[in-house]
Amino acid sequence: MIRAVIVDDEVDGRDLLENLLLDFCDDVQVEAKAASALEGIKVIQQCKPDVVFLDINMPNGSGFDLLEAF
């Protein structure tokens, strides 16, 4: 099982991606979702996912800011 985290500031974007993964990727399990780069850092540290689906343009920190934290 591939453990995933979704980081996106838009609720609809997070939900759409989660639903697509549920429908088409049986081996991917969404462990958590985050609404900001800062929240994403915390969630990634807690969950230690195999893959992160990351929005680039977010207020209060971009996806690239989140990547730099690691």
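A: Strand β1, made of residues 2-7, pairs with β3 in the parallel sense, and four bridges join them. Two strands count as paired if DSSP finds at least two bridges between them. Strands (E, at least two residues) and helices (H or I, at least four) are DSSP runs, numbered from the N terminus. This is a predicted model: local features need pLDDT of at least 70, side-chain atom pairs count only at pLDDT 80 or more, and totals for chains, interfaces and linings use all residues. Residues are numbered from 1 along each chain as its sequence is written, and side-chain values use heavy atoms, with hydrogens and water left out.

The open sheet has three strands in the order β2-β1-β3, with parallel pairing. Strands β2 (28-34) and β3 (51-54) are the edge strands, and each of them pairs on one side only. From one strand to the next, the twist averages 25 degrees. Strands of a sheet pair through backbone hydrogen bonds, in either a parallel or an antiparallel way.

Two helices lie across this sheet. Helix α1 (residues 11-24) lies across β1, β2 and β3 and runs at about 170 degrees to β2. Helix α2 (residues 37-47) also lies across β1, β2 and β3, running at about 140 degrees to β2. These angles run from 0 to 180 degrees between N-to-C directions, on axes fitted to C-alpha atoms (for helices, over the stretch in contact).

Which residues of α2 are buried? They are A37, G40, I41, V43 and I44. Buried means under 20% relative accessible area, exposed means over 50%, and partly exposed is in between (1.4 Å probe, protein chains only). The buried residues of α2 pack against β1, β2 and β3, and also against α3 (63-68).

The segment before β1 contains M1. M1 counts as exposed because its relative accessibility is 65%. Along the sequence M1 and D26 are 25 residues apart, while their C-alpha atoms are 8.4 Å apart in space. Apart from neighbours within four places in sequence, M1 is in contact (heavy atoms within 4.5 Å) with D26, D27, V28, Q29 and D50.

A salt bridge is a side-chain nitrogen of Lys or Arg within 4 Å of a carboxyl oxygen of Asp or Glu, and a search of the whole structure finds three of them. In one, D50 pairs with R3, and the closest N and O atoms are 3.8 Å apart. This pair links distant parts of the chain: R3 is in strand β1 and D50 in the loop between α2 and β3, 47 residues apart. R3 is partly exposed, at 27% relative accessibility.

Another salt bridge joins the side chains of D15 and K33, with 2.9 Å from N to O. Here too distant parts of the chain are linked, since D15 is in helix α1 and K33 in strand β2, 18 residues apart. D15 is partly exposed at 30% relative accessibility, and K33 is partly exposed with a relative accessible area of 30%. K33 also forms a salt bridge with E18, where the closest N and O atoms are 2.7 Å apart. Because K33 lies in strand β2 and E18 in helix α1, the pair ties together parts that are 15 residues apart in sequence. Through shared partners, these salt bridges join D15, E18 and K33 into one network.

K48 follows α2 and lies in the loop between α2 and β3. The phi of K48 is near 50 degrees, a positive value in a residue other than glycine. Most residues other than glycine have a negative phi. K48 is exposed, with a relative accessible area of 59%. In the loop between β3 and α3 lies N60, whose phi is near 60 degrees, again a positive value in a residue other than glycine. N60 counts as exposed, at 79% relative accessibility.
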